[in-house]
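Please look over the structure shown below before reading the notes. They are grouped by topic.

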Amino acid sequence: MNSEPARMLIDLRELEFGWPGSKSPALCIGQFTLAPAEKLFLYGPSGCGKSTLLALLAGIHWPQTGQIKILGQDLAALSASARDQFRADHMGYVFQQFNLLPYLPVLQNVLLGCRFSRQRQQRARAIAGTPERQAMDLLERLDLGGLASQQARQLSVGQQQRVAVARALIGAPEILIADEPTSALDEARRDAFVSLLFDCASQQQTAVLMVSHDARLASGFDRSLSLPELNTANGDMHA
Ligand SMILES: Nc1ncnc2c1ncn2[C@@H]1O[C@H](COP(=O)(O)OP(=O)(O)OP(=O)(O)O)[C@@H](O)[C@H]1O
Ligand SMILES: [Mg+2]
């Protein structure tokens with residue numbers, strides 16, 4: 001199947017991760033890959049380890065065994081600061097709570113996505129002339145053009161969610177990671193949100209890895225995987 005590790009954006013092998021103090025691992029995953037521009041949906045019930053896996057992919061937690069390569073780079077080979085920079089350069093995030101800065105205008109919130117990455121600033125310039133211009137383009141595509149100077153706290157939940165998407169996509173990172181980004185939305189808005197996210201990501205060739213407990217979101221993705229099926233750990237995490 002996916003037998004070309006150098007071409008994969010994410011290539012995780014023989015990973016084992018246990019929380020400190022726990023006798024048994026929480027995650028045992030033989031292989032997990034994300035291809036360039038792929039839209040991958042990973043689902044499973046609350047507590048099955050979705051956010052833990054995303055934190056491992058971001059280099060926030062550390063597996064006891066196994067290897068995680070992102071764009072061919074072994075995360076373990078990087079210093080902590082190099083890992084932070086690598087993450088800022090190549091990965092955008094949308095979290096369940098969006099993590100916008102409430103008193104900052106929407107435009108400035110979006111620009112934060114490339115503030116710590118010269119690479120992403122350069123890519124934003126190549127795409128739109130300036131990072132501000134790309135931020136405005138993304139906001140317009142996400143139907144938020146008129147709200148650029150509003151404080152983030154003045155927006156509805158659905159609007160904040162789209163600002164978080166613009167922030168994650170500015171500077172065209174190779175990978176967008178979204179952790180339960182739709183949990184506050186009703187079904188119609190959920191589908192609209194996902195298709196808007198796909199449109200923007202596809203336009204700049206950003207791959208999407210989304211996790212959710214809600215398997216109904218799977219349609220439209222290139223591939224969907226059940227984390228409980230992927231995870232061969234039979235520890236006591238659910239006990
Ligand atoms: N910091 C931590 N220390 C110890 N155990 C933790 C920690 N964070 C999470 N866990 C445990 O790891 C398991 C997986 O948690 P995780 O947050 O990855 O689940 P999830 O699939 O993202 O759930 P949800 O759908 O509710 O967000 C849970 O049993 C949880 O109790
Ligand atoms: Mg979670």
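This is a predicted model: local features need pLDDT of at least 70, side-chain atom pairs count only at pLDDT 80 or more; totals for chains, interfaces and linings use all residues.

Residues are numbered from 1 along each chain as its sequence is written, chains are lettered from A and ligands numbered from 1 in the order in which they are written, and side-chain values use heavy atoms, with hydrogens and water left out. Helices (H or I, at least four residues) and strands (E, at least two) are DSSP runs, numbered from the N terminus.

**Strand β3**
- Four of the five residues of β3 (residues 39-43) are buried, where buried means under 20% relative accessible area with a 1.4 Å probe, protein chains only.
- β3 runs parallel to β8 (residues 207-212), with five bridges between them; strands pair if DSSP finds at least two bridges.
- Y43 has S212 as its bridge partner in β8.
- β3 is also parallel to β9 (residues 223-226), through four bridges, and L42 is bridged to L225 there.

**Nonpolar cores**
- A nonpolar core is a set of buried Ala, Val, Leu, Ile, Met, Phe, Trp, Tyr and Cys residues joined through side-chain atoms within 4.5 Å.
- The largest core has 41 residues, and L139, I170, V208 and M210 touch the most other members.
- At least two residues of this core come from each of α3 (106-115), α5 (131-141), α6 (157-169), β7 (175-179), α7 (187-203) and β8.
- A second, separate core holds 32 residues, L54, F86, L225 and L227 among them.
- Beyond its neighbours within four places in sequence, I170 is in contact (heavy atoms within 4.5 Å) with residues including V110, L111, P131, A135 and L138.

**Helix α5**
- P131, Q134, A135, M136, L138 and L139 are the buried residues of α5.
- An α-helix has 3.6 residues a turn, so residues three or four places apart point the same way.
- The cover over the buried residues of α5 includes α3, α4 (118-128), α6 and α7.
- D143, which follows α5, has a positive phi, near 65°.

**Largest pocket**
- The lining of the largest pocket consists of 20 residues, with R87, M91, G92, Y93 and F95 nearest its centre.
- α1 (50-57), α2 (80-90), β6 (91-94), α3, α6 and β7 each give two or more residues to this lining.

Technical notes:
Buried means under 20% relative accessible area, exposed over 50%, partly exposed in between (1.4 Å probe, protein chains only). On a 1 Å grid over the protein atoms alone, a cavity is a set of points where a 1.4 Å probe fits but cannot get out, and a pocket is an open set with protein on both sides within 12 Å along at least five of seven lines; lining residues have an atom within 4 Å of a point.
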